[in-house]
Amino acid sequence: GEVCTMINKKYSEFLPSMQSAEDLVAQVEGLANNIDLLKAGIENEVQRDLNVAVAEFTELKQQLERDTLVLSVLKKLQEFDTTLKECNSALLEKQYVPAAQQLEKARSSLRSLEARRGFELKILKALGTELTVQTQNMIYHLGEEWQKLIVWKLPPSKGSSSLEAVVLSELHLHTVPPQDEDTAVPPLAAVLQALAVLGELHSKLKDFGQLLLQHILKPLISHPSLQPVPEEQPDVFILRFRAQELALDEASPMEVFDKIKLVFEVLHKYLLNVSLEQPGEGRVTLAELLGELIWEELSDCLIHNCLVKSIPTNSSKLEQYKEVIESTEEFEKALKKMQFLKEDTTALLKYACNVDSHFANKKCQDVIMAARSLMTSEIHNTVKITPDSSVALPELPDPGSGDHLRLHRPCKLLQNGTVNLGAEGRLSPFTLCLPSCRISCSVQQLVELAYHTLLEATASTDLCCVQLFDCVRNIFQLFCEVVPTYHRENLQKLPQLAAIHHNNCMYLAHHLLTLGHQFRYRSTSVLSNGAATFVDLVPAFRRLGMECFLAQMRVQKGEILERLSSARNFSNMDDEENYSAAKKAIKQVLHQLRRLGMVWQDVLPVNVYCKAMGALLNTALAEIVTRIAALEDISAEDADRLYSLCRVMVEEGPQVFTPLLEEDKNKKYQEEVPVYVHKWMTFKELMIILQANLQEIVDQWADGKGPLAEEFSAAEVKSLIRALFQNTERRAAALARIK
């Protein structure tokens, strides 16, 4: 029963709450229906009205924008029109600057109109044309004014900057300020400012600058006799020119600077001292603008046609160059003061201050040119060098004489080849001497050039000294390249030139041994540390001389062998034809040697001469010995004729040795022929064999200890015996003894 009551109690509590929930659901559904109706109403009516309103608003907004745009365009057009009108009236009153400013204003109005997107007006094209016409009109007026202010009177042959033309040229400046300063702004400034506003000043100034360079500035630099003549009249300034009689060929930089400065001073006074407002640059003077346009060309011209020429060619004049440096500095200062140059411009001064380097460059150029012309001159103009002959070389100071440069004493002649080492260490006069021979005059002059250039180097600044030293080394290296190629054909064809060239190279090598060393005692100079040497070049020169001479020797040897090849191998001399061919060959060889003996006479040093002639005579004798020793059969008549051919060689061979001009002094060398001709004794032994009987040959052999054994091998002697003698028991016995 209790359970029932509990359930009832719960149920009675549950019912009302369920009821209230159901009521709530019904309310919510009702509300949802209302919302749907409302939504349908909004979508069907309110939304439509709203869309219409927004569309109307947008249209009104666009209308407003269009009207605003049209209004602003009309305003701009009105502005454009007004500015052009104002420009016109200003132009009529010659108010150039306001006119130009109005014109620029009109231009910017037009620009902003053209910049509008989606807005194309046909009228813009017309306005553009109008503006162009107006601008050209104004530029024309300004040009007229400019030509009235600056008048060039040039002779008819335009473009000529010759002396005659310049003397007839005049520049008139109608820019003299009026006496009464208050009247009006001088028209010059107004014209220039208007041109600047229109952006036309640059081209006008450029033309003026070119005329100035061509007809005034450059002629003043290149014609020393030309003088500017300024003349001031009340209403015009005139610049004329006159040519002085008896002017120097070269004007000093000081004179040129003064003339140019004068021109700039008057231009500054009457024309360039105008301050302008340059669009986008602020205030500048006309002088600055002109300077930017012409200074580079003018400074180049001053350097190349004036400063370069004033660079001294020897170091003693370098001291006086300070004056040029000072006047260059003054010149630049004056131009800077007139604002023609910017403060940091120093091209001219830099060039002038760098005189040492320019001096060295110029000197090196001159030296190399001189050396090259010596190297390409004739080799066969020679001079005789003897151990006691002298070369004009500059006197060098004693060691320890320090800085006292002895340049001012006349050059004392040094013993050729002996080096002035100072009193304490006298070498024998012949320690470093060359044997007597002939060398080319040009080579002697080349060595003198080298000495004088090094002497100049020791008196110069360090930088210059090193440059000149390198230049001297270059001369010698150049010699090794130029001479063998330039004279190649002659050195191959002419034995005398080959000999002279050989001597030249030895002479140069000889001087290169001591060349640097002689300048070591100049304690002030960079060369004194001993690094300045030419010794490393010596082997190259010796090789150069040797190779050329040996090549000539090979040619001569080839000719000797060629001639002997026509002697029919010296076989069958009992045949008249063979005999005369052999005789002719021997004659030709001797003739060739005689001719060489003459062309080398007094040219080659005696020892070289004797070695060379000895080697060639030896070639001939060795060839004859080889040919005769190879014969298989020699009749008695053959033997006699071969002997007489050999006798000609032995009698006349030594006579080709004529190293000296004095005939009687050559005897000594002719007697010494066996010393220089390696095969001489072999040849004499062969002659003995040709005349000897078997017993005499065996005696000459003397069991391998006699003179014959010195010159021939056993096999060669046996072969000769078989050729000369018939096969008998006596021959067999003799052959048995040779072993």
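Two strands count as paired here if DSSP finds at least two bridges between them. That matters for one spot in this predicted model: valine 229 stands opposite arginine 240 in β4.

- Four strands make up an open sheet in the order β1-β2-β4-β3, and the pairing is antiparallel.
- β1 (150-153) and β3 (226-232) sit at the edges with a single partner strand each, so one side of each has no neighbour in the sheet.
- On average, neighbouring strands here are turned by 20° against each other, if you ignore direction.
- Zooming in on one pairing, β3 is joined to β4 (residues 237-243) by seven bridges, and the two run antiparallel.
- As a bit of background, strands of a sheet pair through backbone hydrogen bonds, either parallel or antiparallel.

**Helices on the sheet**
- Helix α3 (residues 122-149) lies across β1 and β2 (170-173), and runs at about 60° to β1.
- Helix α6 (residues 201-222) also packs on the sheet, where it touches β1, β2, β3 and β4.
- The direction of α6 makes about 50° with that of β1.

**A helix pair: α11 and α12**
- Helix α11 (residues 355-375) packs against helix α12 (residues 441-458) at an angle of about 170°, and their axes are 9 Å apart.
- Angles over 145 degrees count as roughly antiparallel, so that is the label for α11 and α12.
- On the α11 side, the contact uses Phe359, Lys363, Val367, Ala370, Ala371, Leu374 and Met375.
- From α12 come Ser442, Gln445, Leu446, Leu449, Thr453 and Glu456.
- By type, the residues of this contact split into eight nonpolar, three polar and two charged.

**Nonpolar cores**
- The largest nonpolar core has 132 residues, and Phe208, Ile216, Leu217, Phe264, Leu267, Phe476 and Phe479 have the most contacts inside it.
- Take phenylalanine 264: leaving aside neighbours within four places in sequence, Phe264 is in contact with Leu217, Ile294, Leu298, Leu335, Met338 and Phe340.
- Another core, of 70 residues, lies apart from the largest one, and includes Leu590, Ile624, Ala639 and Phe683.

**A buried threonine**
- Threonine 619 is found in helix α18 (residues 606-629).
- Its relative accessibility is 14%, and because the cut-off for buried is under 20%, threonine 619 counts as buried.
- Beyond neighbours within four places in sequence, threonine 619 is in contact with Lys557, Ile560 and Leu561.

Notes
Residues are numbered from 1 along each chain as its sequence is written. This is a predicted model: local features need pLDDT of at least 70, side-chain atom pairs count only at pLDDT 80 or more; totals for chains, interfaces and linings use all residues. Side-chain values use heavy atoms; hydrogens and water are left out. Axes are lines fitted to C-alpha atoms, for helices over the stretch in contact, and angles run from 0 to 180 degrees between N-to-C directions. Angles under 35 degrees count as roughly parallel, over 145 as roughly antiparallel, 65 to 115 as roughly perpendicular and the rest as oblique. Contact means heavy atoms within 4.5 Å. Ala, Val, Leu, Ile, Met, Phe, Trp, Tyr, Cys and Pro count as nonpolar, Asp, Glu, Lys and Arg as charged, and the others, Gly among them, as polar. A nonpolar core is a set of buried Ala, Val, Leu, Ile, Met, Phe, Trp, Tyr and Cys residues joined through side-chain atoms within 4.5 Å. Buried means under 20% relative accessible area, exposed over 50%, partly exposed in between (1.4 Å probe, protein chains only).
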